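Please look through the structure shown below, and then follow the report, which moves from the domains to the sheet and on to the pockets.

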Amino acid sequence: MSETLEEQTFDLIPLLAILEEYKNQKGAIIPILQRTQEIYGYLPKPVLKEISKRLRIPISRIQGVATFYAQFHLKRRGRHLIRVCDGTACHVKGAMKTVDVIHEQLQTPPNGSSPDYKYSLEIVYCLGSCGLAPVVVVDDKVYGQTEPDKLVRQLKRLE
Ligand code: FES
């Protein structure tokens, strides 16, 4: 049976280096969480517990900050973030077909990740490029007038 995330162990050495760097700065929880997320890719609970213990800040407060800001992720994410726009312009041009094809062919459900954590899929509402509908953003790259099968072929080529 695979270990749960809670049981999973994390290398805390990089975290200790971050905490050391901010040790004289009061109220540095946001930059600490930003740096922590850069290292681990998200904010795993055991790592948050360690921050709580070392900074003597209740875990509930740290989780409160982490859930308040959209930039923080409490769930492990894939190496590539696929954001499919389902705003009105993209919706009428078939955005949900793209979502279905990604789900089916890359085993990546909406607002979830593929089993190998290569991809995560998010549905967003208007990326401000309606003229290019349907729009998908993969990591930082914008794909306009997407065709689901072609997009999936491009996604499969990513490392
Ligand atoms: S609706 Fe998709 S970019 Fe505006």
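## Domains, sheet and pockets

The domain assignment of the chain gives domain 1 (13-68) and domain 2 (80-157), with bounds that come from an automatic or database domain assignment. The C-alpha centres of domain 1 and domain 2 lie 31 Å apart. This is a predicted model, in which local features need pLDDT of at least 70 and side-chain atom pairs count only at pLDDT 80 or more, while totals for chains, interfaces and linings use all residues. Residues are numbered from 1 along each chain as its sequence is written, and side-chain values use heavy atoms, with hydrogens and water left out.

In general, the strands of a sheet pair through backbone hydrogen bonds, either parallel or antiparallel. Here, five strands form an open sheet with mixed pairing, in the order β2-β3-β1-β4-β5; two strands pair if DSSP finds at least two bridges between them, and helices (H or I, at least four residues) and strands (E, at least two) are DSSP runs numbered from the N terminus. The edge strands, each pairing on one side only, are β2 (112-113) and β5 (141-143). Over six bridges, strand β1 (residues 80-85) pairs in the parallel sense with strand β3 (residues 119-124), and Arg83 stands opposite Glu122 in β3. Helix α6 (residues 95-106) packs on this sheet and touches β1, β3 and β4 (136-138), where contact means heavy atoms within 4.5 Å. The direction of α6 makes about 150° with that of β1; axes are lines fitted to C-alpha atoms, for helices over the stretch in contact, and angles run from 0 to 180 degrees between N-to-C directions.

A pocket is found on a 1 Å grid over the protein atoms alone, as an open set of points where a 1.4 Å probe fits, with protein on both sides within 12 Å along at least five of seven lines, and its lining residues have an atom within 4 Å of a point. Grid points are joined across faces, edges and corners, and a volume is the space filled by probe spheres set on the points.

| Pocket | Volume | Lining |
|---|---|---|
| Largest pocket | About 330 Å³ | 14 residues |
| Second largest pocket | About 220 Å³ | 13 residues |

Nearest the centre of the largest pocket lie Lys23, Gln25, Lys26, Leu55 and Ile57, and α2 (29-40) and α3 (45-55) each supply at least two residues of its lining. Around the second largest pocket, the residues closest to the centre are Lys75, Arg76, Arg77, Asn111 and Ser113, and β3 gives the largest share of the lining, three residues.
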